[in-house]
Amino acid sequence: MHGGSVVAESDGPGRGSRFTVRLPVATGVPARGEQRTGRPVVNRSSWGRRVLVVEDNDDVRAMLRTLLELGGHEVHEAADGPSGLQAAIEVGPDIAFIDIGLPGIDGYQVVQQLRERSDDRLPMLVALTGYGRSEDRQRMEQAGFDAHLIKPVEPSRIDAVMARALRREPGSSAT
């Protein structure tokens, strides 16, 4: 599926086995730990997107980062509302997963401030939350979120949101 190969070799029973997995090098995906300043210039393929994950739970953030990087996306992270807002401004993501219950300023305030500063280039905004009542959904829609995911999030739900984002042109406004 990715253009790689798998080879299994053995010298016979009791002699061990060697398995070789070869995958092509992904282009446009930054190496983990790579430091960037300002807005990066990345030669991404037509399917990769610049993604921002604003989540205060380290495990949830790491899971999302891993899932998204495996999908070939460039992932940036923030652990609280103020740094999430700053990252959204500096990084210019195509899609932003934003937790509602963030320290500093909550996800609603992050979205509100992004919209106030908007130059008509807003990312697709996805609420990532434990709040799932109908009135919560309505509030998120009124706040300007394009999608709403309830934690814990199934990978298939992330895939569905990313598929929706991939149908949009990078940098186009969702509103």
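R18 is exposed, at a relative accessible area of 52%, where exposed means over 50%, buried under 20% and partly exposed in between (1.4 Å probe, protein chains only). The model is predicted: local features need pLDDT of at least 70, side-chain atom pairs count only at pLDDT 80 or more, and totals for chains, interfaces and linings use all residues. Residues are numbered from 1 along each chain as its sequence is written, and side-chain values use heavy atoms, without hydrogens and water.

The whole structure holds 9 salt bridges, each a side-chain nitrogen of Lys or Arg within 4 Å of a carboxyl oxygen of Asp or Glu. Among them are these:

| Salt bridge | N to O distance |
|---|---|
| E9 and R18 | 3.4 Å |
| D58 and R61 | 2.7 Å |
| E135 and R133 | 3.4 Å |

E9 is partly exposed at 38%. D58 is exposed at 51%, whereas R61 is buried at 12%. Shared partners link D58, R61, R65 and E77 into one salt-bridge network.

The contact between α3 and α4 (heavy atoms within 4.5 Å) involves Y108, V111 and R115 of α3 and D136, R139, M140 and A143 of α4.

Methods: Helix = DSSP H or I, 4+ residues; strand = E, 2+ residues; numbered from the N terminus.
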